[in-house]
Amino acid sequence: MGPPNRYPIPVMVWVEVGPGKTTAVVGDGAVGLCAVIAAKRLGAEQIILLGRHADRIALAREFGATDVVSERGDEAMERVRELTDGFGVHSVLECVGAGDAMLTAVNIARAGGAVGRVGVPHYAATPGLEPAFYGNIGIDGGPAPARAYIEELLPEVLEGRIEPGRVFDRLVDLDGAPDGYRAMNEREAIKVMVKP
């Protein structure tokens with residue numbers, strides 16, 4: 001018997017993002033944009049970003065998003081169904097953490113699909129458990145186990161094959177940190193880097 005696995009399985013692997021599959025990313029913040037990079041890297045055939053901010057959508061397209069859905073709620077769910085011939089997507093990455101985003105994620109997954117919770121949850125009980133149960137949709141997630149895949153990804157970052165650092169679109173010093181948080185909160189910045 002070998003040593004125990006020290007790290008959990010990365011969500012992208014668990015939800016089976018890969019060649020020939022459709023993937024949806026709910027949220028166009030830094031986490032969602034990095035999820036687009038990961039889905040592209042893993043070979044997803046179709047990557048649908050659910051987001052509304054023009055600068056983030058442009059970056060997501062550069063990272064590999066094939067489609068963008070800017071609608072929300074029922075309209076977003078209907079649009080994803082249109083883009084997937086009525087089936088829904090194989091894998092959904094919920095990168096917001098809000099209840100409405102989780103409910104959308106469950107409702108755009110195809111029967112037998114999977115939802116990966118990547119965004120830190122802002123709710124006490126997971127929304128959408130009943131439709132997930134009846135649709136045989138798996139739900140899992142948690143903090144990124146970076147040590148589980150850093151040896152594989154770091155060379156790709158250093159060689160410029162993937163560029164997750166592009167999500168940082170503002171640099172502030174320590175005194176500017178409060179304004180940096182305000183800028184992210186008001187969607188004036190995707191991600192702020194604090195450099196002492």
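## Close-up views of a predicted model

View 1. Leu158 sits in helix H7 (residues 146-158); helices here are DSSP runs of H or I with at least four residues, strands are runs of E with at least two, and both are numbered from the N terminus. This is a predicted model, in which local features need pLDDT of at least 70 and side-chain atom pairs count only at pLDDT 80 or more, while totals for chains, interfaces and linings use all residues. Residues are numbered from 1 along each chain as its sequence is written, and side-chain values use heavy atoms, leaving out hydrogens and water.

Is Leu158 buried or exposed? Leu158 counts as exposed because its relative accessibility is 67% (exposed is over 50% relative accessible area, buried under 20%, partly exposed in between, with a 1.4 Å probe and protein chains only). Together with Ile150, Leu154 and Val157, Leu158 forms a nonpolar surface patch of about 360 Å² accessible area.

**View 2. The open sheet.** Six strands line up in the order E3-E2-E1-E4-E5-E6, with parallel pairing (two strands pair if DSSP finds at least two bridges between them). Strand E3 (67-69) and strand E6 (138-141) stand at the edges with a single partner strand each, so one side of each has no neighbour in the sheet. On average, neighbouring strands of this sheet are turned by 20° against each other, direction ignored (axes are lines fitted to C-alpha atoms, for helices over the stretch in contact, and angles run from 0 to 180 degrees between N-to-C directions).

**View 3. Strands E5 and E6, with helix H5.** Strand E5 (residues 109-117) runs parallel to E6, and four bridges join the two. Look for Arg117, whose bridge partner in E6 is Gly141. Helix H5 (residues 99-108) packs on the sheet, touching E1, E2, E4, E5 and E6, and its direction makes about 150° with that of E5 (contact means heavy atoms within 4.5 Å).

**View 4. Glu94 in strand E4.** Glu94 belongs to strand E4. Glu94 counts as buried because its relative accessibility is 0%. Leaving aside residues up to four places away in sequence, Glu94 touches several residues, including Val26, Ala101, Arg117 and Tyr123. Gly119 is another contact of Glu94: the two are 25 residues apart in sequence and 6.1 Å apart in space, C-alpha to C-alpha.

**View 5. Thr22 in strand E1.** Strand E1 holds Thr22, which is buried with a relative accessible area of 10%. Which residues does Thr22 touch, not counting residues up to four places away in sequence? They are Gln46, Gly88, Val89, His90, Ser91 and Arg110.

Note on methods. Patches are made of residues with over 30% relative accessible area and no salt bridge: like charges are joined within 9 Å, nonpolar side chains (Val, Leu, Ile, Met, Phe, Trp, Tyr) within 5 Å. Accessible areas come from the Shrake-Rupley method with a 1.4 Å probe; for residues, only the protein chains shown count as cover. A salt bridge is a side-chain nitrogen of Lys or Arg within 4 Å of a carboxyl oxygen of Asp or Glu.
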